[in-house]
Structure formats: structure tokens, C-alpha cells
Amino acid sequence: MLKAKVLLVGPRESGKSVLANFVSESTEGIGSYSPTQGVRILEYEKPNLNGNSKGAGCRFELWDCSGDQNYQTYHFPRTCFSRFETCWPALMKDSHGVIIIFNPELPSHLKEIEMWYSCFVQQQPLLDSQCLLVAHHKPGSAGDTENLSLAYPLNKIKLIHSNLEDDPEDVRMEFMKYFKSIITFIDESREREEMSIIS
């Protein structure tokens, strides 16, 4: 079975834990808001996600990383957080993808996601295809944010809107598409590595 490590990062109260629970079908922490302290790792198995005939599934590790500034202090445009900066390499080590989650109704989140992208995507370095932006709409939100204008380089990354009240199955399908692309990337990387050993 393949293993994939995917980081969920973004500003405080953007919905990272809610989406991690939703995607992994976990009931942990359902209820009132409680900031994630440091990181929370959810394991999620998806058999036959890649649709190959071998029947190999994938075990995902979803790393739900805190965005709470009580646990970290950052100085934009510095490249990373100052207080927990020494922890980020351990979080990023061997990751296959990054999902940046933000609340599109908060202007501060739109600016902050540039810093998250710089820290967790550009510094690894990951390909843009290994990254997903999620504009998470909280219950009862009414703002028209479907036509977000994101600055370069964020405008190169796939952006999805999530609203778990109105269209939970659409959100689930978008995450499954992203996870399939991560599996494809892992498979192709392994094949290239095997071919380089053979050659």
C-alpha cells in the first residue's frame, strides 16, 4: 500500500481541522472551535483510489498544522515563522503535498496565504501540482467570493471552494481528485527512480 503525507496549513480559524476531519471521516474534535496545538496527524486509508488493477490503495497521513499565532509568530515577508521555524523542516520532511486552507472573507487570510505558500511549497520545493488552495466557506457565510483574484504565484495553483453545508459531496470529490494526483506523482517518481537505478 502506498503512503502519502499531505500537510494542511493556513491561517488561524480557516477550517483546517474541520476539513481534515471531513476528508478522513473522523469525528474527533467535532463541536466548538479549539485551536490545534502544534500539529495533529490523522491517518486515512483509501483502497483503490488510483483505480489500478493491482488493488493497491493508499494510506494518507493528513498533518493538520496549527495556524494559531499564539503558537507562532511570523514576520512577513520573511520566508518563515520565527518562533517555531525550527519545527517546520520536521513537518515538511517527506511530504508529498500541501493543502493551503483559508477563509476568503477575511482579507488578512488572503495576504497570509502568500507566506504559507512561501514556507511550505517553495522552500521544499514542491511542484504547484502538489499544492491545492481551498477557500473554505464557514456555515452561514454569505459573501460572494467565487471570483477571487489571487496574486502570482498563488494564481498558478488549483483553487477550490468548499462549503460543507451546501455541497459536501462536491468538496469530497475535489479532494479525491487531488489525492489521485498525489498518488500519480508518487507512482511516477518511483518509476523514474527505478529506471535510474536500472540504467
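**Figure 1. Glu188 and the negative patch on the surface.** At 42% relative accessibility, Glu188 counts as partly exposed in this predicted model. The residue belongs to helix H4, which spans residues 168–198. Together with Glu191, Glu193 and Glu194, Glu188 forms a patch of negative charge on the surface.

**Figure 2. The protein as a whole.** The model, which is predicted, contains four helices and six strands. Read from the N terminus, the order of these elements is β-α-β-β-α-β-α-β-β-α. Of the 199 residues in the protein, 43% are buried. Among contacts with a separation of 6 or more, 73% are between residues 24 or more positions apart. The protein exposes about 10,600 Å², and 51% of this area is supplied by carbon and sulfur atoms.

**Figure 3. Val9 in strand S1.** Val9 is part of strand S1, which covers residues 2–9. With a relative accessible area of 0%, Val9 is buried. Leaving aside residues up to four places away in sequence, Val9 touches Lys16, Cys65, Val98, Ile99, Ile100, Ile101, Trp116 and Phe120. Val9 and Ser66 are separated by 57 residues in sequence, while their C-alpha atoms are 7.1 Å apart in space.

**Figure 4. Glu13 and helix H1.** Glu13 lies in the loop that runs from strand S1 (2–9) to helix H1 (16–24). Its phi is near 60 degrees, a positive value in a residue other than glycine. Most residues other than glycine have a negative phi. At 34% relative accessibility, Glu13 counts as partly exposed. In helix H1, seven of the nine residues are buried, so the helix is largely enclosed by the rest of the structure. These buried residues are Lys16, Leu19, Ala20, Asn21, Phe22, Val23 and Ser24.

Figure 5. Glu25, which comes just after H1, has a positive phi of about 60 degrees. Its relative accessible area is 57%, so Glu25 is exposed. Glu25 forms a salt bridge with Arg172, in which the closest N and O atoms are 3.8 Å apart. Because Arg172 lies in helix H4 and Glu25 in the loop between H1 and strand S2 (39–46), the pair ties together parts that are 147 residues apart in sequence.

Figure 6. Asp64 and Arg40 form a salt bridge, with 3.0 Å between the closest N and O atoms. Asp64 is in strand S3 (residues 58–65) and Arg40 is in strand S2, so the pair ties together parts that are 24 residues apart in sequence. Both Asp64 and Arg40 are buried.

Figure 7. The side chains of Lys158 and Glu174 meet in a salt bridge, at 3.5 Å from N to O. This pair links distant parts of the chain, with Lys158 in strand S6 and Glu174 in helix H4, 16 residues apart. Lys158 is partly exposed, with a relative accessible area of 45%. Elsewhere, salt bridges that share partners join Glu25, Glu169 and Arg172 into one network. A search of the whole structure finds 10 salt bridges.

**Figure 8. His109 and Glu112 in helix H3.** His109 lies in helix H3, which covers residues 107–122, and Glu112 is found in helix H3 as well. His109 counts as buried, at 4% relative accessibility. Glu112 also counts as buried, with a value of 6%. Apart from residues up to four places away in sequence, His109 touches Pro11, Arg12, Glu13, Ser14, Phe102 and Asn103. Glu112 and Phe102 are 10 residues apart in sequence, and 8.8 Å separates their C-alpha atoms in space.

Figure 9. Asp94 occupies the loop between helix H2 (88–92) and strand S4 (97–102). The phi of Asp94 is near 60 degrees, a positive value in a residue other than glycine. Asp94 is exposed, with a relative accessible area of 55%. Pro153 is found in another loop, between strand S5 (131–136) and strand S6 (158–162). The peptide bond from Tyr152 to Pro153 is cis, and its omega is near 5 degrees. Most peptide bonds are trans.

How values were computed:
Residues are numbered from 1 along each chain as its sequence is written. This is a predicted model: local features need pLDDT of at least 70, side-chain atom pairs count only at pLDDT 80 or more; totals for chains, interfaces and linings use all residues. Side-chain values use heavy atoms; hydrogens and water are left out. Patches are made of residues with over 30% relative accessible area and no salt bridge: like charges are joined within 9 Å, nonpolar side chains (Val, Leu, Ile, Met, Phe, Trp, Tyr) within 5 Å. Accessible areas come from the Shrake-Rupley method with a 1.4 Å probe; for residues, only the protein chains shown count as cover. A salt bridge is a side-chain nitrogen of Lys or Arg within 4 Å of a carboxyl oxygen of Asp or Glu. Lys and Arg count as positive and Asp and Glu as negative; His and the chain ends are not counted. The place of a charge is taken as NZ of Lys, CZ of Arg, CG of Asp or CD of Glu. Helices (H or I, at least four residues) and strands (E, at least two) are DSSP runs, numbered from the N terminus. Buried means under 20% relative accessible area, exposed over 50%, partly exposed in between (1.4 Å probe, protein chains only). Contact means heavy atoms within 4.5 Å.
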